Amino acid sequence: MVKFSILAGGYNTFIATYLFDSSAGTLDVAAKFPAGINTSWITPHPTNSSIFYATNELSPMGALQSYTTTSDGVVSGPHDSVPSGGSDPAFTVALSTGQVAIMNYDSGNGRIFPTDSTFLTFDNDSAPTITFPPPVGGVSHPHMAYEYEGEVIVPDLGGDKLWRLTPDGGPAQPVDWNITGLIPQPSESGPRHMKIFGDRIFVIHELASTLTVQPIPVPPNGTSDIIDSKVITPSGLPAGAAMAAAEILIPNPTVKFPTAYIYVSNRNTGVQDPRGDAIAIFEHVNSGKPDEGLKLITEVFTGLDQIRGMEIGLETNGGNEFLIAAGVAGSAGAVVYRRTDGGRNLTEVARNLDIPTRTTFIWL
């Protein structure tokens, strides 16, 4: 496939559709569609590519919305909107159960909504608020929800924990989710986002700007040691730079990309580097061996300001050759890279400056 449509949300009142032509090396804004305020995170339905969900990152009460899209990115909706149950929801994800989770960063809680047979209407009465216990003298900041083998795991940036949630009710679409365990994380590290690959958990820590790897502990309260921790901040930063890690991607291996490299984004919230923020590429090496660890492969400087969201395209249409990223600040727009050298590097293909900032993407 040569042409790809990409949806993009951000801190404003529209969802944009980009058209990326990989042959021509162009990235154009095809359309802007009215949406809720601050659709800062959008997530696709896991089995129906015409449906997606969006946060309205607002205070004191955010919202969760449902939308539809055509294959070429013509967006309709919102079809339904429900309160998130708290302040500034920075993340949402659709679960395999037909439910949709949303996490409220500033109020330390979240909700998991059942949907109807269309997947577009939320059951507001069957989504109790889940409140995460705050640390002593601090606040809980749930920043993600990650589904894994019947659990939902929630990184808590304020509490330095990965909370483990399990459901009551039947397996088809359980209603009540409860905190049944936790996985401790390094003190003051600020776990933000995570991925699971194989039997390992990879966590990106915002406050410490580190990437860690550890075995998945036995639920509900098993423990495991962190095998390796690497600082992801780039070299040669200017005085006054203030780094805060943001996103982690681990695309599945394919024939073209046989190694599951780890892509992590940096955000410089201080004095800006003329090179912009970097995407660091790591390799998980020697799994299960005494010298297991994380190896830095390279750093790719993007010219972007505070990369919050980035996303790799779909394997089904060849889009997994490409990665799109944007900053939440500045005016550097969005940029598409080609994964090269088997995924060990990134080469810029196209950039668009029409929309200065974006925070989240869906490849169609």
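Two strands are taken to pair if DSSP finds at least two bridges between them. In this predicted model, strand E20 and strand E21 (residues 262-265) are paired in the antiparallel sense over two bridges. Within this pair, Ile248 is placed opposite Val264 of E21. Both strands belong to an open sheet of four strands, ordered E20-E21-E22-E23, with antiparallel pairing. Strand E20 (248-249) and strand E23 (293-301) form the edges of the sheet, each pairing on one side only.

The largest nonpolar core comprises 26 residues, and Ala145, Val154, Leu165, Met194, Ile196 and Ile201 have the most contacts inside it. Two or more residues of this core come from each of several strands, among them E13 (151-156), E14 (161-167), E15 (177-184), E16 (191-197) and E17 (200-205). In soluble globular proteins, nonpolar side chains tend to be buried together. When residues up to four places away in sequence are not counted, the contacts of Ile201 include Leu162, Ile183, Met194, Ile196, Val213 and Ile216, as well as Lys195, Thr212 and Gln214.

The largest pocket has a volume of about 1500 Å³. Its lining consists of 50 residues, of which Pro44, Lys195, Glu311, Ile312 and Leu314 lie nearest the centre of the pocket. By class, 27 of the lining residues are nonpolar, 18 are polar and five are charged. Strands that each supply at least two lining residues include E4 (42-44), E5 (51-56), E16, E20, E24 (305-312) and E28 (360-363).

Terms used. Residues numbered from 1 in each chain as written. Predicted model: local features only at pLDDT ≥ 70, side-chain atom pairs only at ≥ 80, totals over all residues. Heavy atoms only, no water. Core = buried A, V, L, I, M, F, W, Y, C linked by side-chain atoms within 4.5 Å. Buried < 20%, exposed > 50% of the residue type's maximum accessible area, 1.4 Å probe, protein only. Contact = heavy atoms within 4.5 Å. 1 Å grid on protein atoms, 1.4 Å probe; cavity = no way out; pocket = protein on both sides within 12 Å on 5 of 7 lines; lining within 4 Å. Points joined across faces, edges and corners; volume = space filled by probe spheres on them. Nonpolar A, V, L, I, M, F, W, Y, C, P; charged D, E, K, R; others polar.
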